[in-house]
Amino acid sequence: MKPLLALLVALPSLAMAELHEVKMLNRNATGAMVFEPDFVAARPGDTIRFLATDPGHNAASIAGMLPDGAGRFIGRIDEEIEITLEAEGLYGVKCSPHVMMGMVMLIRVGNAPLSPDALPQDLPTRARDRFQAILARQTAD
Ligand SMILES: [Cu+2]
């Protein structure tokens, strides 16, 4: 019983850092080429794990959509990468082969403002459209 008790005592501190899983999909109810979920609200120290649920996708940071001090990342196709988020702010994530089709998602760490000003000027149109839909959904609550 003692190991179990020790585990239970440790749980509150484990709960501080959360693991968020994001599927990379060919399609879901919202359309084709999607991350699911396409928005994650996280806290510093949380980890995002990208799952290769459907083949042919990757997860990569978007230039100009990373908080100061956050490192860039890029997974290979079908690679399940994990990123641990320390810096507060907005993180834009794309699938390299499908960003032109709008395959992007947004991570908010902490209380960063959800402003369209955070979107770089050089985003593909469909990626920009999806980000704006994500922002509109979050700020509507
Ligand atoms: Cu993709």
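1. Asp38 is buried, at a relative accessible area of 17% (buried means under 20%, exposed over 50%, partly exposed in between, with a 1.4 Å probe and protein chains only). The model is predicted: local features need pLDDT of at least 70, side-chain atom pairs count only at pLDDT 80 or more, and totals for chains, interfaces and linings use all residues. Residues are numbered from 1 along each chain as its sequence is written, and side-chain values use heavy atoms, with hydrogens and water left out.

2. Asp38 forms a salt bridge with Arg137 (2.9 Å, N to O), the term denoting a side-chain nitrogen of Lys or Arg within 4 Å of a carboxyl oxygen of Asp or Glu. Because Arg137 lies in helix α2 (residues 125–140) and Asp38 in the loop between β2 (31–36) and β3 (39–42), the pair ties together parts 99 residues apart in sequence. Helices (H or I, at least four residues) and strands (E, at least two) are DSSP runs, numbered from the N terminus. Arg137 is partly exposed, at 42%.

3. The salt bridges come to 4 by this rule. Among them, Arg49 meets Glu82 at 2.7 Å, N to O. Arg49 lies in strand β4 and Glu82 in strand β6 (residues 82–84), so this contact ties together parts 33 residues apart in sequence. Shared partners join Glu21, Arg49 and Glu82 into one network.

4. In strand β7 (residues 89–94), 5 of the 6 residues are buried. Strand β7 runs antiparallel to β8 (residues 104–109), with 6 bridges between them; strands pair if DSSP finds at least two bridges between them. Leu90 has Arg108 in β8 as its bridge partner.
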